[in-house]
Amino acid sequence: MEINILSGEVIGAAIEVHRLLGPGLLESAYELALERELVLRGVRVERQKPVALEYKGVDLGDGFRIDLLVDGCLIVEIKA
């Protein structure tokens, strides 16, 4: 899917989640709901995808996790 179309789908899904759940929940609740909304829209999404980090030649392991990786190319970090 083209990145502009994909980002539009994510924004639309996020608006729908906010419309239904409203403000004030924990990030984890919005993350789960957004993942579900994207799946319902037929978009491939991976949640809590680990990313290996290296610092000055030292492997730090999976020091970072992407909240949502959408269609293998768009990173979504949830903030609430």
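1. In this predicted model, the protein chain contains two helices and three strands. Followed along the sequence, these elements give the pattern α-α-β-β-β. A box of roughly 45 × 30 × 15 Å, taken along the principal axes, holds the C-alpha atoms of the protein chain.

2. The protein chain has 80 residues, and 25% of them are buried. As for contacts between residues at least 6 apart in sequence, 40% join residues that are at least 24 apart.

3. The largest nonpolar core has 14 residues. Those touching the most other members are V10, L34, L38, L68, V70, V76 and I78. Two or more residues of this core come from each of α1, α2, β2 (58-70) and β3 (74-76). The greatest contribution is made by α1, which supplies four residues. As general background, nonpolar side chains in soluble globular proteins tend to be buried together.

4. Leaving aside residues up to four places away in sequence, V76 is in contact with V10, L34, I66, D67, L68 and V70. Of the core, V76 is one of the members that touch the most others, and so are V10, L34, L68 and V70.

5. Sorted by class, the lining of the largest pocket comprises eight nonpolar residues, one polar residue and one charged residue.

6. E77 lies in the segment after β3. Is E77 buried, partly exposed or exposed? Its relative accessibility is 32%, and E77 therefore counts as partly exposed, since that class lies between the limits of 20% and 50%.

7. The surroundings of E77 can be described at two scales. Apart from residues up to four places away in sequence, E77 touches F64, R65, I66 and D67. The side chain of E77 also reaches the backbone nitrogen of D67, at 3.1 Å. By contrast, V39 is 38 residues from E77 in sequence, and the two C-alpha atoms are 17 Å apart in space. D67 and I66 are contacts of V76 as well.

Note on methods: Residues numbered from 1 in each chain as written. Predicted model: local features only at pLDDT ≥ 70, side-chain atom pairs only at ≥ 80, totals over all residues. Heavy atoms only, no water. Nonpolar A, V, L, I, M, F, W, Y, C, P; charged D, E, K, R; others polar. Core = buried A, V, L, I, M, F, W, Y, C linked by side-chain atoms within 4.5 Å. Buried < 20%, exposed > 50% of the residue type's maximum accessible area, 1.4 Å probe, protein only. Contact = heavy atoms within 4.5 Å. Polar contact = N/O pair within 3.5 Å; in protein donor to acceptor, adjacent residues only side chain to side chain.
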